[in-house]
Amino acid sequence: MGSALHVFGRRGASKQSFLDCFLSLDKSSEEGGQAGEDQDLLLAAAYVSDAQYNRNVPFETSPRAIRLYYFYNHWTMQVAIYFFICVDLSLALFEVPALFPLPFLATSIAEVLCLTAFFGRLVHFAKVTPQMVFWKDTKNICIMVTIVLTLFDLIIYGSLEAVNIHSIRWSRALRPVFLINFPESRQIRRTFRSIRNTLPDILYVFLLFVFSVLIFSLMALKLFGDRGLQTVEGSPYFTNILEIAFELYVLVTTANSPDVMMPAYNFSWWYSLYFITYIIINTYIFMSVFLAVVYNNYRKHLKNEIRKLAYLKRHKMIEAFNILKVKVGTEFVVMEARWKQLARIVMPHISGPHLELLLRISDEGQKGHVDKMNFIRLADLLNIQVVTINIKRHPLEDWMPRVYQSSASLLVQRMVRHRIFVWVYDVIILINAIFIALDEKNPFISYAEWLFLSLYIIEILLKLYTYEPRAYFGRKQFWNWFDTLIIIAALVATVANTTIQSARKYNSQQILDIVLILRILRLLRIIVSIQRFRLIVTTLINIGPTILTFGGLVLVVYYVFAIIGMEAFHGKVQFFDPNFTTPNALVCGNPALKDSAFARDRYCKNNFNDLASSFIVLMELTVVNQWHVLAGGFALVTHQAAKLYFIGFHVVVVILIVNIFIAFILEAFFVAYSLEKSEVETAIEKKIQELGVGIQEEEMQDGKLVDNMDAKDSGFSGDDGDNKRKALKGLYFRIASKKYRTVDALLQQMFESEIAPEDEGPSLDEILNFSPGDVYPKNPNFENSA
């Protein structure tokens, strides 16, 4: 694979020096007397940055407000607020019931500090946005109300604890509100909006599903209630309508199948038809309808969200253009110098060659200015990852040129660069996998492992001989680093294992396990060699950031249910060491569990006695296998109504959130398989090829042009094409792999491709009030794919 030692145009780079740029420009403006122009430049940069990162934060345009807005978006402020959110959420680990108990005073002080940080962030946001906008934003109201309720709960709880009266810390379930409602968590909010928008349509399906379960419950009561049937435990079979409804609901999840059917089936095989009919209607038909409704609504509202993002980005870029535009002839444009200043402020660490490349694309006629249509593309240009490559000589070529350029040396280099060399080692890895599966105690197998290890070391040495070492171990060469580290670790572990076995001082099974795992990990290279596998892995990488968003959503739901579960069930079930044989140990510390399936299956460790245990129980409920045993156990130690808690969790997580996650995965794969390159990305690639400084990604992977590469920050100098070519001196560019593009970015590019370049779109108020029923503009391509 190729090497790229320096990457420009990454999203994270522009977050680092906003404030520094502002201060430096502010200083220069005071010295040069151009404060007004610099303020306009900073305001335009704020709009471009918002468009680049899809931020939708209305802010004041005064110099002080702009300064505060830059500081508000600085990465240190975002890290700080997430730090306090994590601290606030983790307090449940130290509060009663606690995994690591701390005094109430310590946890309450920590929580007050977190609330102070949240309030400070809110005040900062209020200083940035207009007052009318701030007070109309429900996110801000939710944060303020949660802060007040938490302080009220702290005071009441602390006062009761002072007089030894235990109460409930109900406000702990509100802590995820801070994670959801701060502007930095817009992706999580978007997912919650998808759920909220899906609820009205799914509610009718759910009510019909409940009606079906109740109808079948009444049928079961009439069919089996008076026949004297008993369960395996000896309890009456299907004699209570509520118990029947619960068992049939569990049957929809297949967790109690076929156990729930066996008493009736043993009595007469005709009764199996009842359960088969029920499963077909409720498990297969209704659950499929749930997925269809969720997926349809997800697509509809996703389109609406993406349309908003696309038009908001264009609106902000037009605002930036209107600030910086000057009239040249009959049209308004942005001068080249101002365009460069703007790009430097938005992305302070952009290299000179990269900036010149983007200017060539924006100023196609080399007129010294950028027109409106090309200016609007600036945010997209800055988001595209461009790799700068400098072809360099191998050190051996300088140290011993005759040897390195000899016919034998060149033959070795051609062999290593050839695709067959990769195939040969893929076959070696597969053969090694077969040997790994064989008996390790066989001496022949043991010696063969040394042979394979030697072949892998020779592979690395040959590649280092052929490719420039700094390029081979570049920052982006993950698989090269992976191979080398695995080989070195396997060599060290194998030598250590052999030494220990020869010394015979103690058993080296753990080191042997490490050796085997390291050998197996090398099989991952095969995935990259097969294109279809690579496409799947690429799609998984694309959806990775959004999977984290769903992880945040699941964390919020888990946290709320965990807090409720700890308040309702903590201390009801106790875990004892397996060596304990006391009666309490056999019933999980609660006599109500005697002769129950919960106690027989030794589920005592599945409890709500601390946050970590609660999360594990909720994970088991998400898997749904045996979840009715857990629900029945906690219902025995409290009340039968406790089953509603477990049913509610199943409805929210398994039926709603998991189906939305499936809908997202389906949409992500459709997009990744069908979407072509964006128009902006194609323009950059076209300009790279026109300049004669392009390297295709396929060539990078084949190793044809990357044997000696490094990154270099040199500019385009000279006036004519020949001088510019000479000035480059081995400097090359390429677009980074498509695997780094997120699904949101792909969908947005799909929608933007349907918007005419001269179309300024609707007004800001119309954009913010978009609804899924709007069809502005009519968009057949986006409809088909999203």
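A crossing is left-handed if the near helix is turned anticlockwise from the far one by less than a right angle, and right-handed if clockwise. Helices (H or I, at least four residues) and strands (E, at least two) are DSSP runs, numbered from the N terminus. The legends below use these terms.

This is a predicted model, in which local features need pLDDT of at least 70, side-chain atom pairs count only at pLDDT 80 or more, and totals for chains, interfaces and linings use all residues. Residues are numbered from 1 along each chain as its sequence is written, and side-chain values use heavy atoms, with hydrogens and water left out.

**Figure 1. Overview of the protein.**
The protein holds 37 helices and seven strands. Of its 786 residues, 47% are buried (under 20% relative accessible area; exposed is over 50%, partly exposed in between; 1.4 Å probe, protein chains only). Contact means heavy atoms within 4.5 Å. Among contacts with a separation of 6 or more, 77% join residues 24 or more positions apart.

**Figure 2. Helix α5 packs against helix α7.**
Helix α5 spans residues 104-128; helix α7 spans residues 138-162. Their axes lie 11 Å apart, at an angle of about 160°. Axes are lines fitted to C-alpha atoms, for helices over the stretch in contact, and angles run from 0 to 180 degrees between N-to-C directions. The pair is therefore roughly antiparallel (over 145 degrees; under 35 is roughly parallel, 65 to 115 roughly perpendicular, the rest oblique). α5 passes α7 in a left-handed crossing. From α5, the contact takes in F104, S108, E111, V112, L115, F118, F119, L122 and F125. From α7 come N140, I143, M144, I147, T150, L151, L154, Y157 and G158. By class, this contact has 13 nonpolar, four polar and one charged residues. Ala, Val, Leu, Ile, Met, Phe, Trp, Tyr, Cys and Pro count as nonpolar, Asp, Glu, Lys and Arg as charged, and the others, Gly among them, as polar.

**Figure 3. T150 sits in helix α7.**
T150 counts as buried because its relative accessible area is 3%. Leaving aside neighbours within four places in sequence, T150 contacts E111, L115 and S171. E111 and L115 are among the α5 residues that meet α7.

**Figure 4. Helix α19 crosses helix α21.**
The axes of α19 (residues 407-417) and α21 (residues 443-466) come within 9 Å and cross at roughly 115°. That angle makes α19 roughly perpendicular to α21. The crossing of α19 past α21 is left-handed. On the α19 side, S409, V412, Q413, V416 and R417 make the contact. The contact residues divide into four nonpolar, three polar and two charged.

N609 lies in the loop between α28 (597-600) and α29 (611-623). With 17% relative accessibility, N609 counts as buried. Its side chain reaches the backbone nitrogen of G571 at 2.7 Å. A polar atom of the N609 side chain also lies 2.8 Å from the backbone oxygen of V573. A polar contact is a pair of N or O atoms within 3.5 Å; within protein, one must be able to donate a hydrogen and the other to accept it, and residues adjacent in sequence count only if both atoms are side-chain atoms. Not counting residues up to four places away in sequence, N609 touches P97, A98, F569, H570, G571, K572, V573 and Q574.

Most peptide bonds are trans. The bond from V96 to P97 is cis, with omega near -5°. P97 lies in the loop between α4 (75-90) and α5. P97 is also one of the residues that N609 touches. The bond from S257 to P258 is cis too, with omega near 5°. P258 lies in the loop between α10 (241-252) and α11 (262-267).

Most residues other than glycine have a negative phi. N164 has phi near 60°. N164 lies in the loop between α7 and α8 (176-181), and counts as exposed at 73% relative accessibility. D595 has phi near 65°. D595 lies in the loop between α27 (583-586) and α28, and counts as exposed at 60% relative accessibility.

**Figure 5. Helix α30 is mostly covered.**
In α30 (residues 627-637), 10 of the 11 residues are buried. Among them are W627, L630, F634 and V637.
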